[in-house]
Amino acid sequence: MRPATATAAAVTTLLGVGAAAVAAGRYASDVALKASPGRPLPSDPRLTVHATAAGQVTLTRCLAALRPGMYGLEGPGVHAVVGPVLEGVAHAPDTVVRRLERVSHGSLVVGHRVRLTPQVYSGDPGTALGLDYKDVEIPGELGSLPAWFVPGQRETWVITVHGLGATREHPMNIMGFLAEHQFPVLDLAYRGDPGAPRSPDGLGHLGDSEWRDLDAAIRYAIRFGAERVVLHGWSTGASMALHAAAKSALSGRIAGLVLDSPVLDWEATLRALATARRTPAPLLPLAVRAAQGRTGLHGDRLLRAADPDHMRAPALIFHGPADTLASWERSRELAARGPGLISLHIVPQAPHAAMWNADPAGYEETLRRFLTPLG
């Protein structure tokens, strides 16, 4: 082969490899940037339904199936709720039996594949919880944002905002508790959610731009009677809360932040999601670069928003070491840097965004102690 021909072939090969690497990076970044609301994240393993009986369901035995607490159980056309693992019930060694609390809709069929999910309630606050509520529309920069409003007697409203792979049904886990304590609740659907406008580029930005929809919800709450607001976010919703507290023109009306499984390092979360999708390790840096190039994401903006030296509102973090998607170490570091302002409630054996599920009573009591002085 002539030198010129060999050089051209080598260049072509390199360009082909480079294009393939870029494409692979884009594919790996899609797991976070195109996470569909309400669809399971790749870190949630699928389980087989092996048997059902009165008040119990038998599932494939694995670490996820053995998690303590209460979880939703979702599959094609079905949503159910399972409670603790049942001891003393006969079952095969490769299965586990959990208490079946209820079947919200559909039916659990032997052989079907299901996933545990933090989302315990399905529907709306009226059908799922029996609460009086209103469907409201919040004017946002991209268009109208749907939200549920549950009234209460207090002047401090709690604005709830879900995270990756979830919908506004997820915050219903604590909505009954908040209503019992007379906190008005505004549960937001933001850009990319069902019924809400799409992001201009069709991608999620891990809270970096979505926080402006939360800012619109703060303006709405103040306009309609809230004296103060508490922002309660899960996952990237917690990132949105931090951004809003740092950047909103109404930040002085934010009385507190509740951060559940906060994404404080978007690069680490993206790598974890891509790994869960079996992305080869050499492609993970490409996924990060692809995400940054497609969205303009920069970690320093989130770092500034989560800097205790600039935070004015007290914050309560719910997090634990079993979260494989959002860095638990970052939550520990944040709490250590802001003693007296930031408190950390550690929840062991809880996966991402499921701190309430692992210990509902402990979560709600900690939340009650934090919210009472603010309301």
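The structure is a predicted model, in which local features need pLDDT of at least 70 and side-chain atom pairs count only at pLDDT 80 or more, whereas totals for chains, interfaces and linings use all residues. Residues are numbered from 1 along each chain as its sequence is written, and side-chain values use heavy atoms, with hydrogens and water left out.

Strand β13 (residues 315–319) runs parallel to β14 and is joined to it by five bridges, with Phe318 standing opposite His345 in β14.

Strand β10 (185–188) pairs with β8 (residues 143–150) in the antiparallel sense over four bridges, and Phe149 stands opposite Leu186 in β10. The pairing of β10 with β9 is parallel and likewise comprises four bridges, with Thr160 opposite Asp187. In a regular strand the side chains alternate between the two faces of the sheet. Both faces of β10 are covered, since Val185 and Asp187 on one side and Leu186 and Leu188 on the other are all buried, a term that denotes under 20% relative accessible area, as against over 50% for exposed and partly exposed in between (1.4 Å probe, protein chains only).

Together with α3, strands β9 and β10 make a right-handed β-α-β unit, the hand being assigned when, with the strands pointing away from the viewer, the path from the first strand over the helix to the second runs clockwise. Helix α3 (residues 172–180) is largely enclosed by the rest of the structure, because seven of its nine residues are buried; among them are Met172, Ile174, Phe177 and Leu178. The helix is followed by Gln182, whose phi is positive, near 65°.

In the loop between β10 and α4 (211–223), Ala196 is buried, with a relative accessible area of 14%. Residues up to four places away in sequence not being counted, Ala196 touches Ser144, Leu145, Pro146, Ala189, Tyr190 and Arg191, contact meaning heavy atoms within 4.5 Å. Ala196 and Glu137 are 59 residues apart in sequence, and their C-alpha atoms are 9.7 Å apart in space.

Within α5, Ser239 counts as buried at 0% relative accessibility and, leaving aside neighbours within four places in sequence, is in contact with Leu206, Val263 and Leu302. Ser235, in the loop between β11 (228–234) and α5 (236–247), has a positive phi near 60° although it is a residue other than glycine, and counts as buried at 1% relative accessibility. A positive phi, near 50°, is also found at the non-glycine residue Ser261, which lies in the loop between β12 (254–260) and α6 (266–276) and counts as buried at 0% relative accessibility.

Conventions: Helices (H or I, at least four residues) and strands (E, at least two) are DSSP runs, numbered from the N terminus. Two strands pair if DSSP finds at least two bridges between them.
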